[in-house]
Amino acid sequence: HVRRWKYSTSARKILPAVMASSLYSLAMAFALRHVRVGRYQLGAMTEGASAAAASLGMPLALLLTLRANASLGRLNEARQLMGRMILRGRNLASYLRVYVLPTDPGAAVLAARYLAVFPWACKALVRSEPQDGRAKVYEAMLGPEGAAWLLARSRQHVAIVLRLRQIIASAASASSSRAPPGRDGHFYVPHASMERALDDLDAVAGGCERLLSSPIPPTYSRHLSRIMFMYLALLPFSLVASGSPSLGAMVASALASYVLVGIDEIGMEVENPFPVLPMQQLCGALQDAVGEAMACELPPGGV
């Protein structure tokens, strides 16, 4: 852990705050012991300030716990959304392979292409990727015309679900028209299942939008940072009152600020969960699942 400490991104981010806190604590400990203002020794302030710092400890711990729980809850929800996307996308690909590909290969392949593009559109949404990167993926999957149509849409993930629904509805209508007399509704059950899978994909996209558009209120974060600042500002008074030497007060303040500011920084990083998640691997997993389902050679006959 010590050897790899210098590679920690969170440690590098909070290093200025830790250094400022430790230097402030060293200066305050020295002033409280050696500086007089008129007839009064600054050390006389330690008792009241140490009591104030002790009273702030419990509310600070509670606020940090609530902040960490809220951020981890958002991360867990994002993980569940991505897992749900892969599961429903895999289900829809199997429906396309079994029910649509034998009767309408063109529609099945086109739908599979849009389904494989869907996770990349969600990734572009949650990570605010530029249009140039999206265009390369769309052209590789859909061709120039399909990519141009999709790039013209403002909400591309929603447009993909709409296009999939159109392709599947067209395939269902064509299958019903080719059905023998008395079997007009034979495509009803798989069509309904595919519609439910599309509804789930639409819900996943909506959940991603909600996580992006409703972060933890900034008022809560500002209030927490102010209480943390007050606690760290009063901490040297408590340390001097307990008899800690100046260098000991500096080390103790550095450790306390490293723990508290580090927890707050991790909460801010996890608050937006999508940069933390391995989106590249998740999108590739769904794309591979669609390709494997469409290329799978099934045994002849139903039994």
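This report describes selected helices, loop residues and cysteines of one predicted model.

Residues are numbered from 1 along each chain as its sequence is written. Local features need pLDDT of at least 70 and side-chain atom pairs count only at pLDDT 80 or more, while totals for chains, interfaces and linings use all residues; side-chain values use heavy atoms, with hydrogens and water left out.

**Helices α2 and α7**

Helices (H or I, at least four residues) are DSSP runs, numbered from the N terminus. Two packed helices are described by the angle between their axes and the distance between the axes. Helix α2 covers residues 46-100 and helix α7 covers residues 218-241; their axes come within 7 Å and cross at roughly 145°. Here the axes are lines fitted to C-alpha atoms over the stretch in contact, and angles run from 0 to 180 degrees between N-to-C directions. The crossing of α2 and α7 is left-handed, a term for a near helix turned anticlockwise from the far one by less than a right angle. The residues of this contact comprise 18 nonpolar, six polar and one charged. In this count Ala, Val, Leu, Ile, Met, Phe, Trp, Tyr, Cys and Pro are nonpolar, Asp, Glu, Lys and Arg are charged, and the others, Gly among them, are polar.

In α2 a kink of about 30° lies at glycine 57, shortly before proline 59. In α7 the bend is about 30° at leucine 234, and proline 236 follows within four residues. After α7 comes glycine 243, whose phi is positive, near 95°.

**Loop and segment residues**

Most residues other than glycine have a negative phi. Serine 128 is not a glycine, yet its phi is positive, about 50°. Serine 128 is found in the loop between α3 (105-126) and α4 (131-151). Glutamate 297 is in the segment after α9 (279-295). Glutamate 297 lies 200 residues from arginine 97 in sequence, and the two are 9.8 Å apart in space, C-alpha to C-alpha.

**Burial and cysteines**

Buried means under 20% relative accessible area, exposed over 50%, and partly exposed in between (1.4 Å probe, protein chains only). The table gives values for several residues.

| Residue | Relative accessible area | State |
|---|---|---|
| Alanine 111 | 0% | buried |
| Cysteine 122 | 1% | buried |
| Cysteine 208 | 1% | buried |
| Glutamate 265 | 15% | buried |
| Serine 128 | 63% | exposed |
| Glutamate 297 | 71% | exposed |

Alanine 111 is in helix α3. Alanine 111 and glutamate 292 are 181 residues apart in sequence and 14 Å apart in space, C-alpha to C-alpha. Glutamate 265 belongs to helix α8 (residues 246-271). From glutamate 265 to serine 246 there are 19 residues in sequence and 28 Å in space, C-alpha to C-alpha.

The structure holds zero disulfides, a disulfide being a pair of cysteine sulfur atoms within 2.5 Å. For cysteine 122, the nearest cysteine sulfur is that of cysteine 208, 5.4 Å away.

How values were computed. Helix = DSSP H or I, 4+ residues; strand = E, 2+ residues; numbered from the N terminus. Bend = angle between axes of the 7 residues up to and from the residue.
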